[in-house]
Amino acid sequence: MLGFSIYLHETIDNKVIKKLRKKSVKKIFTTCHMPEYDFDVLKSLSNLFEICKANELELFADLDKNFYLKNKKVLDRLLEEGLGLRLDYGFSLADTISLSKNNKLAINASTLRQDDLIYLENNGVNKKNLILWHNFYPKKYSGLSKKFFTEKNEIFRNMGYKIYAFVSGNENLRPPMKEYLPTLEELRGMNPFVAYLKMLLDFKIDCVFVSEGLKDFDLSLINLYEEKSLIKIPVKILPNYKNLIGIEFTNRFDQSTYLIRAIESRKMDLKVKAENTIFREIGSITLDNKEFKRYEGELNIVKRRLEKDIRVNVIGEVRDSYKELVNYIGPGGKFILDEKYN
């Protein structure tokens with residue numbers, strides 16, 4: 001599942017919200033907890049909530065207890081209408097239990113201890129309304145380690161909770177740091193589509209939130225995967241092989257460690273003379289030539305560095321920031337080569 005972040009200092013445009021809804025976004029995150037805000041935060045939050053509600057998007061607002069108490073009357077009304085809260089500083093375990101009775105709540109998975117979660121369960125928290133949601137980290141090198149993240153999530157998942165987390169965007173980075181906003185440090189600045197797949201497939205995160213602006217091109221790649229489990233791969237390809245662009249291919253079910261092997265390609269009856277039989281890097285796109293006999297015309301994408309082979313033409317490559325996509329085309333996985341790039 002895909003979520004997106006919209007901040008209250010930004011111009012909140014109904015057209016933008018409608019576009020996100022059409023692009024498979026299901027949930028919106030915002031925060032009332034930014035010291036640089038110098039405007040009516042509550043008014044902006046109410047406006048964003050009404051736009052999200054009109055477009056059938058769930059809105060979660062990150063806030064601390066002081067903000068909640070100061071604005072309790074309005075916030076309680078928004079809660080009754082469907083606003084979700086992500087509880088930040090100041091909320092006690094007792095507050096969490098009380099608020100969970102009738103409201104959608106998220107609590108900070110990055111700092112949550114298992115003992116606290118057990119206490120919540122033993123004291124009547126409404127588990128159905130509770131989500132465990134990791135932080136993002138604006139300060140470079142301060143994001144979570146893979147080991148810590150994995151171990152915590154295993155505990156939470158075994159206890160039956162849904163887990164949310166953030167990946168960086170790649171446009172209009174949020175001030176003041178503008179150094180990306182990931183949950184995991186190793187994903188800081190990574191292409192958002194690749195990072196989204198890592199969170200979804202490697203870490204089994206239930207909803208992956210893009211934490212800041214996202215280029216339309218990458219949003220369209222994520223949307224295609226959300227709708228069809230289809231990976232569109234941005235590539236550079238030699239002129240003689242552009243006929244392979246835009247075709248939906250299927251990786252073989254008997255998966256190789258070294259290659260993605262397109263089932264359909266050998267049925268295309270391609271006649272391939274030997275050329276450009278060079279060393280194969282990760283992300284190289286290859287086509288077996290006539291010297292490979294029965295395999296002539298088989299399209300592969302290389303997953304491990306391989307030696308050159310006079311039977312194999314290197315006809316293109318996956319663009320650099322997307323090369324890790326080759327790790328997410330599993331047995332029977334669908335993919336398309338695409339020259340468009342932004």
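These legends walk through several close-ups of the structure above. The model is predicted, so to speak of local features we need pLDDT of at least 70, and side-chain atom pairs count only at pLDDT 80 or more, while totals for chains, interfaces and linings use all residues. Residues are numbered from 1 along each chain as its sequence is written, and side-chain values use heavy atoms, with hydrogens and water left out.

**View 1. Eight strands close into a barrel.** The order is β1-β2-β3-β4-β5-β6-β7-β8, and the pairing is parallel. On average, neighbouring strands here are turned by 30° against each other, direction ignored. Helices (H or I, at least four residues) and strands (E, at least two) are DSSP runs, numbered from the N terminus. Two strands pair if DSSP finds at least two bridges between them. Strands of a sheet pair through backbone hydrogen bonds, either parallel or antiparallel.

**View 2. Zooming in, β1 pairs with β2.** Strand β1 covers residues 2–5 and strand β2 residues 25–31; they run in the parallel sense over four bridges. Look for Phe-4, which stands opposite Ile-28 in β2.

**View 3. Helix α2 lies across β2 and β3.** The helix spans residues 41–54 and runs at about 160° to β3 (58–63). Angles go from 0 to 180 degrees between N-to-C directions, using axes fitted as lines to C-alpha atoms, for helices over the stretch in contact; contact means heavy atoms within 4.5 Å.

View 4. A disulfide is a pair of cysteine sulfur atoms within 2.5 Å, and the count comes to zero. (Buried means under 20% relative accessible area, exposed over 50%, partly exposed in between, with a 1.4 Å probe and protein chains only.)

**View 5. Asn-102 is found in a loop.** The loop lies between α5 (93–100) and β5 (105–108). Is Asn-102 buried or exposed? Asn-102 is exposed, with a relative accessible area of 69%.

**View 6. Seven strands form an open sheet.** The order is β10-β15-β9-β14-β12-β13-β11, with mixed pairing. Its edge strands, β10 (248–250) and β11 (259–261), each pair on one side only. β11 pairs with β13 (residues 299–302) in the antiparallel sense over three bridges, and Leu-259 stands opposite Val-302 in β13.
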